[in-house]
Amino acid sequence: HYAYIGQTTRDLPEGNWAVLDGRQVKYFCGDLQFATNARRLFSVLQIPGKWGTPPIPGAQVLLIDAKPVLKALYFNSQVWISPNGDHFAVAITPREGAPGFLTVDTKPVPGTEGAQIGGVYFSPDGKRLAVLCTPAGATTGRFMILDGKKQQKYQSIEAETGVFTFAPRFSADSSKFFYGATNNNVRYLVVNEEESD
């Protein structure tokens, strides 16, 4: 499957269009993304706000196969999709002045309120979840939430593969989650909740 979006040379809303598998569809969205198994198409719709005194901000809507599933003032992150396509996660700010938090399948994830979400990791079978967080208001320090349980805070946790190549990920059989972490210049490999020596 394939999808793309575009705009005619006219700078008008009706000049926007989207194409799915070679056919023009009746709605226009951005951030088109298929689930890995290509069963579902995720997209984001921007609803413009009303101008006046004071201006009313717009909103963003997440659609799955053109059906709205989640509305928020802002989406603070990309949309993460489980490998089997059954689950999705997005960090949102629900309304003006409210703290942001992570949602999974539109439900809030406890412990993520106000935190900066650095990554969401679904297990290959889609049954387990890990979230990389920086605490609210903090400039350093990170922690993981694994299967709903907050883990130990570290000075740093590898988010991407680099010199220390233990970026967070699940084992192929979904039984173990591991990542590299650092405290006081000592590096650890954390497997589920256990640190290496």
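Modeller: Happy to; this is a predicted model, and we can go through it topic by topic.

Colleague: Great. How many helices and strands does the chain have?

Modeller: There are zero helices and 21 strands.

Colleague: And what share of the residues counts as buried?

Modeller: Of the 197 residues in the chain, 42% count as buried. The accessible surface is about 11,500 Å², and carbon and sulfur atoms make up 53% of that surface.

Colleague: Let's start with β4 and β5. In which sense do they pair?

Modeller: Antiparallel, over three bridges, with β4 covering residues 30–34 and β5 covering residues 41–47. One place to look is glycine 30, which stands opposite valine 44 in β5.

Colleague: What sits between those two strands?

Modeller: The hairpin has six residues between the strands, and alanine 38 there takes a positive phi near 60°.

Colleague: Moving along to β6, what does β7 do with that strand?

Modeller: Strand β7, residues 67–72, pairs with β6 in the antiparallel sense over five bridges. Leucine 63 has proline 68 in β7 as its bridge partner. In this hairpin two residues lie between the strands, and aspartate 65 takes a positive phi near 50°.

Colleague: I've clicked on isoleucine 64. Where is that residue found?

Modeller: Isoleucine 64 is in strand β6, which runs over residues 59–64.

Colleague: Buried or exposed?

Modeller: Isoleucine 64 is buried, because its relative accessible area of 8% falls under the 20% cut-off.

Colleague: Which residues does isoleucine 64 touch?

Modeller: Leaving out residues up to four places away in sequence, isoleucine 64 touches Arg40, Leu41, Phe42, Val69 and Phe88. There's also a C-alpha separation of 9.9 Å between isoleucine 64 and leucine 32, which are 32 residues apart along the chain.

Colleague: New topic: what is the strand order in the open sheet?

Modeller: The order is β13-β14-β15-β16, four strands with antiparallel pairing. The edges are β13 (116–122) and β16 (149–150), each pairing on one side only.

Colleague: And how many bridges join β14 and β15?

Modeller: Four bridges join β14, residues 129–134, to β15, residues 143–146, in the antiparallel sense. Within that pairing, cysteine 133 has phenylalanine 143 in β15 as its bridge partner.

Colleague: What lies over the face of phenylalanine 143?

Modeller: That's lysine 150, at 4.4 Å from the ring centre.

Colleague: I like aromatics. How many aromatic pairs turn up in the whole structure?

Modeller: The search finds seven aromatic pairs. In one of them, the rings of tyrosine 121 and phenylalanine 177 have centres 5.9 Å apart and planes at 45°, so the pair counts as tilted. This pair links distant parts of the chain, with tyrosine 121 in strand β13 and phenylalanine 177 in strand β19, 56 residues apart.

Colleague: Are those two buried or exposed?

Modeller: Tyrosine 121 counts as buried at 15% relative accessibility, and phenylalanine 177 counts as buried at 0%. The ring of phenylalanine 177 also pairs with the ring of phenylalanine 170, with centres 4.7 Å apart and planes at 50°, so that pair is tilted. Phenylalanine 170 is buried, with a relative accessible area of 10%.

Colleague: Which residues do ring pairs link into a cluster?

Modeller: The cluster takes in Tyr121, Tyr154, Phe170, Phe177, Tyr179 and Tyr188.

Colleague: Last one, serine 171. Where does that residue lie?

Modeller: Serine 171 lies in the loop between β18 (169–170) and β19 (177–183).

Colleague: Why does serine 171 count as buried?

Modeller: Serine 171 counts as buried because its relative accessibility is 17%, and the cut-off for buried is under 20%.

Colleague: What does the serine 171 side chain make a polar contact with?

Modeller: The partner is the side chain of aspartate 173, at 2.7 Å. Serine 171 also touches Pro124, Lys176 and Phe178, when residues up to four places away in sequence are not counted.

Colleague: Thanks, I'll go and look at those.

Technical notes: Residues numbered from 1 in each chain as written. Predicted model: local features only at pLDDT ≥ 70, side-chain atom pairs only at ≥ 80, totals over all residues. Heavy atoms only, no water. Buried < 20%, exposed > 50% of the residue type's maximum accessible area, 1.4 Å probe, protein only. Polar contact = N/O pair within 3.5 Å; in protein donor to acceptor, adjacent residues only side chain to side chain. Contact = heavy atoms within 4.5 Å. Pairing = 2+ DSSP bridges. Phe/Tyr/Trp six-rings, centres within 6.5 Å; stacked < 30°, edge-to-face > 60°. Lys NZ or Arg CZ within 6 Å of the ring centre and 35° of its normal. Areas by Shrake-Rupley, 256 points an atom, 1.4 Å probe, with all protein chains shown as cover.
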